[in-house]
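Student: I have just opened this entry and would like to go through it slowly. Could you show me the chain before we talk about what its terms rest on?

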Amino acid sequence: MATDRPVRSVPVDRATLVTIAADLADREGWHELTLSDVAKAVGRHPSSMYAHVASLDDLRQEIALLAVAELSEKVWRAVLGKVGAEALLAIAQTYRDFARDFPGPVGALSSAGAR
C-alpha cells in the first residue's frame, strides 16, 4: 500500500541535511528551499530540523560552504598543469559546468552574504 508519508530510511545529521538540502535546491530552486521540504525528504517532522540547524539561513550558509569546497576541488583539478589563458579558460569552463550541474549550490554562492 502506497502512502504519501516518507520512509524514515535516511540517518539524520547536519552533513546529511546539508547534502539533501543542496540536492533539493538543485531540483526545486534555491529560493524555494524550505526546512519543511528537507524534513519531508528525510522522513522527519519539520521541527526536528532545529536539532541540526539553527535556521534556514544557517542551512543555506552550510550549502554555500559545501559549494565552495566542491567548486574549489573541481577548479584545482581543472587547472593542474595549465598556466595563463589556458588556466583561465579551464576555470571558466569548470564554473560554467558546475553552475549547469548544481544550480542550487551556485544559488548559495550568489546569495552568500546578501541579507
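**Reading the terms against the values**

Tutor: Buried residues, meaning those under 20% relative accessible area, with exposed over 50% and partly exposed in between (1.4 Å probe, protein chains only), make up 30% of the 115 residues in the chain. This is a predicted model, in which local features need pLDDT of at least 70 and side-chain atom pairs count only at pLDDT 80 or more, while totals for chains, interfaces and linings use all residues. Residues are numbered from 1 along each chain as its sequence is written, and side-chain values use heavy atoms, with hydrogens and water left out.

Student: What is the mean pLDDT of the chain, and which elements have the lowest and the highest mean?

Tutor: On pLDDT, the predictor's confidence in each residue, from 0 to 100, the chain has a mean of 88, and 88% of its residues reach 70 or more.

Student: How many helices and how many strands does the chain have?

Tutor: Counting DSSP runs numbered from the N terminus, where a helix is H or I with at least four residues and a strand is E with at least two, the chain has five helices and zero strands. From the N terminus on, the order is therefore written α-α-α-α-α.

Student: Why is valine 18 called buried?

Tutor: Valine 18 has a relative accessible area of 6%, and because the limit for buried is under 20%, the residue counts as buried. Valine 18 has its place in helix α1, and, leaving aside neighbours within four places in sequence, valine 18 is in contact (heavy atoms within 4.5 Å) with Leu59, Glu62, Ile63 and Leu66. Valine 18 and isoleucine 63 are 45 residues apart along the chain, yet their C-alpha atoms are separated by 5.9 Å.

Student: Is histidine 31 buried or exposed, and what makes it so?

Tutor: Histidine 31 has 67% relative accessibility, and because exposed means over 50%, histidine 31 counts as exposed. Histidine 31 lies in the loop between α1 and α2, and the C-alpha atoms of histidine 31 and serine 111, which are 80 residues apart in sequence, are 10.0 Å apart in space.

Student: Why does threonine 94 count as buried?

Tutor: Threonine 94 has 12% relative accessibility, which is under the 20% limit, and so threonine 94 counts as buried. Threonine 94 is found in helix α4 and, neighbours within four places in sequence aside, is in contact with Leu71, Lys74, Val75 and Ala78.

Student: What makes α4 roughly perpendicular to α5?

Tutor: The axes of α4 (residues 84–101) and α5 (residues 103–111) come within 5 Å and cross at roughly 115°. Angles of 65 to 115 degrees count as roughly perpendicular, under 35 as roughly parallel, over 145 as roughly antiparallel and the rest as oblique, so α4 is roughly perpendicular to α5. The axes themselves are lines fitted to C-alpha atoms, for helices over the stretch in contact, and the angles run from 0 to 180 degrees between N-to-C directions.

Student: Which residues of α4 and α5 meet?

Tutor: Tyr95, Phe98, Ala99, Arg100 and Asp101 in α4 meet Pro103, Pro105 and Val106 in α5.

Student: How do you know that α1 and α5 are roughly perpendicular?

Tutor: α1 and α5 pack at an angle of about 100°, with their axes 6 Å apart, and because that angle falls in the range of 65 to 115 degrees, the two helices are roughly perpendicular to each other. Their contact is made by Ala22, Ala25 and Asp26 of α1 and Pro103, Gly104 and Pro105 of α5.

Student: Which residues have the most contacts inside the largest nonpolar core?

Tutor: A nonpolar core is a set of buried Ala, Val, Leu, Ile, Met, Phe, Trp, Tyr and Cys residues joined through side-chain atoms within 4.5 Å. The largest has 19 residues, and those with the most contacts inside it are Ala21, Trp30, Leu33, Val38, Met49, Leu59 and Ile63. The elements giving two or more residues to this core are α1 (14–28), α2 (35–42) and α3, with α1 giving the most, seven residues. A second, separate core of five residues includes Ala67, Leu71, Val75 and Val106.
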